[in-house]
Amino acid sequence: EAVVSTQSTGDVLNDALKSIYNAEKRGKRQVLIRPSSKVIIKFLTVMMKHGYIDEFEVVDDHRAGKIVVMLNGRLNKCGVISPRFDVCVSDIEKWTTNLLPSRQFGKLVLTTSSGIMDHEEARRKHTGGKILGFFY
């Protein structure tokens with residue numbers, strides 16, 4: 001069954017990633033996230049693109065919305081970085097070294113002027129931004 005998180009800290013992305021992490025740890029196949037937000041959806045899209053989650057569905061309940069995420073057991077850890085530090089292109093390497101377990105493994109998620117993307121895409125586009133979080 002889906003796991004529902006009801007704790008509210010005001011940081012919806014943090015709550016969402018915590019719910020996903022906890023569900024993944026407990027071996028759940030899916031998790032229900034609420035409320036939904038554009039940032040969460042973009043973050044999940046990056047995770048899905050790299051195969052760390054299977055798919056997700058945004059449910060419009062005429063309130064804050066919710067998201068059902070299908071898990072595939074590939075996620076070890078995910079989290080937000082708070083505050084959202086400014087990261088310039090030359091610093092991306094330093095942040096990946098500090099946050100990710102190895103170079104082949106995991107992604108940082110940045111919000112840049114060209115949208116929300118992983119650190120490798122940001123590097124290819126030569127754009128820095130603010131760091132949202134990471135997953136591996």
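## Helix pair α1 and α2

Two residues are in contact when heavy atoms of one lie within 4.5 Å of heavy atoms of the other. In this predicted model, such contacts join V12, L13, A16, L17 and I20 of α1 to V39, I40, F43, L44 and M47 of α2. The residues of this contact comprise 10 nonpolar, no polar and no charged.

Two packed helices are described by the angle between their axes and the distance between the axes. For α1 and α2, the angle is about 40 degrees and the axes are 9 Å apart. The crossing of α1 and α2 is right-handed.

## The largest nonpolar core

The largest nonpolar core has 25 residues, of which L17, I20, F43, L44, M47, V69 and F135 touch the most other members. Two or more residues come from each of α1 (12–25), β1 (30–33), α2 (38–49), β3 (66–71), β4 (78–80) and β8 (129–135). The greatest contribution is that of α1, with 6 residues.

In soluble globular proteins, nonpolar side chains tend to be buried together.

## Surroundings of F135

Neighbours within four places in sequence are set aside here. On that basis, F135 is in contact with F43, V46, M47, H50, Y52, L75, K77, C78, L100, G106, K107 and V109.

Notes: Residues are numbered from 1 along each chain as its sequence is written. This is a predicted model: local features need pLDDT of at least 70, side-chain atom pairs count only at pLDDT 80 or more; totals for chains, interfaces and linings use all residues. Side-chain values use heavy atoms; hydrogens and water are left out. A nonpolar core is a set of buried Ala, Val, Leu, Ile, Met, Phe, Trp, Tyr and Cys residues joined through side-chain atoms within 4.5 Å. Buried means under 20% relative accessible area, exposed over 50%, partly exposed in between (1.4 Å probe, protein chains only). Helices (H or I, at least four residues) and strands (E, at least two) are DSSP runs, numbered from the N terminus. Axes are lines fitted to C-alpha atoms, for helices over the stretch in contact, and angles run from 0 to 180 degrees between N-to-C directions. A crossing is left-handed if the near helix is turned anticlockwise from the far one by less than a right angle, and right-handed if clockwise. Ala, Val, Leu, Ile, Met, Phe, Trp, Tyr, Cys and Pro count as nonpolar, Asp, Glu, Lys and Arg as charged, and the others, Gly among them, as polar.
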